[in-house]
Amino acid sequence: MTRKQWYQRRVRGSIARAMEYPTLPSLFAEDEFSAMGLRKYPIRRKINSNMYSDFDGTLLRELEHIDSTVTVLSTFNNGGHEMLYKNQYRAAPATGENSFIVNIGKLVDDLIDIKVPSVRHSVAEVDFD
C-alpha cells in the first residue's frame, strides 16, 4: 500500500466514524483510484494515439470514468474536459485562475439518492497550442 492509499483509507475511515456510517468505505471498492482526488496529471509531452472512448470512439487523453466522491479541479485554461449529458459528451468550460469545476461522484449520488447525479466524464485529446 502506498502512502497516498494509506492516507485515503484513513480519511475515509474517519468520515465513516463521524457520520456513524460504517459501510461508507465499501462504497470506494470499485473506484478507489479517484476516492480522494489526490492526483497530479503529468505534463503532456506528445499527442496520445491509442486510447479511445468506448462510448463514441473519440481519441482520449484520460479515460472515461465517474469519480467516487467530489472532485474539484481546474483545467488551467486547457480544453478537452468533457461530460456526458443526455447521452452526448459535451465540452466543459475551460477554467482559469479564479474558477473551477466540481464533479459529483458516485458516493454523493448514493448518499443523497440521485438528487444530484454523478457525471461520467473524460478528457478528449486536443492539439498542442
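Here are a few friendly questions and answers about this predicted model.

Reader: How are the rings of Phe-55 and Tyr-89 arranged, stacked or edge-to-face?

Author: A pair of aromatic rings is described by the distance of the centres and the angle of the planes. Here the ring centres of Phe-55 and Tyr-89 lie 5.5 Å apart, and their planes stand at 85°. Planes over 60 degrees apart count as edge-to-face, so this pair is edge-to-face.

Reader: Which parts of the chain does this pair link?

Author: Phe-55 sits in the loop between α1 (3-19) and β1 (60-65), and 34 residues separate the two partners. Tyr-89 belongs to strand β4 (residues 88-91).

Reader: What about Ala-91, buried or exposed?

Author: Ala-91 is found in strand β4. Its relative accessibility is 67%. The cut-off for exposed is over 50%, so Ala-91 is exposed.

Reader: Which residues is Ala-91 in contact with, leaving aside its neighbours within four places in sequence?

Author: Gly-79 lies 12 residues away in sequence and 7.8 Å away in space, C-alpha to C-alpha. The contacts of Ala-91 beyond its sequence neighbours are His-81 and Glu-82.

Reader: How much accessible area does the nonpolar patch on the surface have?

Author: The patch is formed by Val-70, Val-72, Phe-100 and Val-102. Phe-100, in the loop between β4 and β5 (101-104), is exposed at 56% relative accessible area. Together the four residues have an accessible area of about 360 Å².

Methods. Residues numbered from 1 in each chain as written. Predicted model: local features only at pLDDT ≥ 70, side-chain atom pairs only at ≥ 80, totals over all residues. Heavy atoms only, no water. Phe/Tyr/Trp six-rings, centres within 6.5 Å; stacked < 30°, edge-to-face > 60°. Helix = DSSP H or I, 4+ residues; strand = E, 2+ residues; numbered from the N terminus. Patch = residues over 30% accessible without salt bridge, like charges linked within 9 Å, V, L, I, M, F, W, Y side chains within 5 Å. Areas by Shrake-Rupley, 256 points an atom, 1.4 Å probe, with all protein chains shown as cover. Salt bridge = Lys/Arg side-chain N within 4 Å of Asp/Glu carboxyl O. Buried < 20%, exposed > 50% of the residue type's maximum accessible area, 1.4 Å probe, protein only. Contact = heavy atoms within 4.5 Å.
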